[in-house]
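Open the model in your viewer and keep the selection tool at hand. This tour moves from one selection to the next.

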Amino acid sequence: MDTKLRGDVAEQAAILQALNHELGVLRPIGDRLPYDLVFDVSGTLFKIQVKCAWLDLSSGNYVVDNRRTKTNRRVMLREAYRVSDFDFALAYIQPIDLFYVFPVHIFIDYGSEIHLVEADKRQRKPLSATYRDAWHLILQKAQTEPCKDAGLS
């Protein structure tokens, strides 16, 4: 499966999860924006960036790149996201149908990659475990920011 198809699968899984959490979902036209979806939580809009994790065989961890990737026919450019680019990043692990829900400031504070540990072999949980299936963070943020327009105007 190529990366574009994996991204499409991750976005569709995010839409399904959002609907299961009774969130409204809006989809921008095109892919030139720094976010993939917009969630409507009781009138408060949140820009969502969706990433698909891959399995790193050497570490046994799932990994997600937390940089923006722009490509043309010859060059792949990567650059860091900014806090204003989106509100939450969803990192999807397809083989186990699981999302990590990161607030933007946490997501961009990692280096170039985030390792998501799903093995029980560790004595201590990694910091990323806090964001495992943490859909409640979006709902909590909506309660503190009523009717935020997500800068879409």
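How do the residues of the lining of the largest pocket divide into nonpolar, polar and charged? There are nine nonpolar, six polar and 14 charged residues. Bear in mind that this is a predicted model.

**Stop 1: the largest pocket**

Stay with the pocket. It holds about 1000 Å³ of space. Its lining has 29 residues. Select Lys 4, Asp 36, Gln 49, Lys 51 and Thr 69, which lie nearest the pocket centre. Now colour by element. Helix H1 (3-20), strand S3 (44-52), strand S5 (61-65) and strand S6 (67-71) each give two or more residues to the lining. H1 gives the most, with six residues.

**Stop 2: the whole chain**

Zoom out and show the cartoon. The chain has three helices and 10 strands. From the N terminus, the order of elements is α-β-β-β-β-β-β-β-β-β-α-β-α. The radius of gyration is 15 Å, close to the 15 Å that the globule rule gives for 153 residues, so the chain is as compact as a globular protein of that length. Switch to the C-alpha trace: along its principal axes it spans about 45 × 45 × 25 Å. Colour by accessibility next. Of the 153 residues, 41% count as buried.

**Stop 3: strand S8**

Select strand S8 (88-93). Six of its six residues are buried. Show the side chains. In a regular strand, side chains alternate between the two faces of the sheet. Here Phe 88, Leu 90 and Tyr 92 point one way from S8. Ala 89, Ala 91 and Ile 93 point the other way.

S3 runs parallel to S8, and five bridges join the two. Look for Cys 52, which stands opposite Tyr 92 in S8. Ala 89 has Phe 102 in S9 as its bridge partner. Follow the chain around the hairpin of S8 and S9, where four residues sit between the strands. Pick Asp 97 in this hairpin: its phi is positive, near 50°.

**Stop 4: the aromatic rings**

Hide the rest and show the aromatic side chains. A search of the whole structure finds 11 aromatic pairs. Select Tyr 81 and Phe 107. Their ring centres are 6.4 Å apart and their planes meet at 50°, so this pair is tilted.

Which parts of the chain does the pair of Tyr 81 and Phe 107 link? Tyr 81 is in the loop between strand S7 (76-80) and strand S8 (88-93). Phe 107 is in helix H2 (residues 104-109), 26 residues apart from Tyr 81. Tyr 81 is buried, at a relative accessible area of 8%. Phe 107 is buried too, at 1%.

Move to Tyr 100 and Phe 102. Is this pair of rings stacked or tilted? The centres lie 6.2 Å apart and the planes are at 15°, so the pair is stacked. The stacked class takes planes under 30 degrees apart. Tyr 100 counts as buried at 1% relative accessibility. Phe 102 counts as buried at 0%.

**Last selection**

Methods:
Residues are numbered from 1 along each chain as its sequence is written. This is a predicted model: local features need pLDDT of at least 70, side-chain atom pairs count only at pLDDT 80 or more; totals for chains, interfaces and linings use all residues. Side-chain values use heavy atoms; hydrogens and water are left out. Rings of Phe, Tyr and Trp (its six-membered ring) pair if their centres lie within 6.5 Å; planes under 30 degrees apart count as stacked, over 60 as edge-to-face and the rest as tilted. Buried means under 20% relative accessible area, exposed over 50%, partly exposed in between (1.4 Å probe, protein chains only). On a 1 Å grid over the protein atoms alone, a cavity is a set of points where a 1.4 Å probe fits but cannot get out, and a pocket is an open set with protein on both sides within 12 Å along at least five of seven lines; lining residues have an atom within 4 Å of a point. Grid points are joined across faces, edges and corners, and a volume is the space filled by probe spheres set on the points. Ala, Val, Leu, Ile, Met, Phe, Trp, Tyr, Cys and Pro count as nonpolar, Asp, Glu, Lys and Arg as charged, and the others, Gly among them, as polar. Two strands pair if DSSP finds at least two bridges between them. The radius of gyration is taken over C-alpha atoms; the globule rule is 2.2 Å times the number of residues to the power 0.38.
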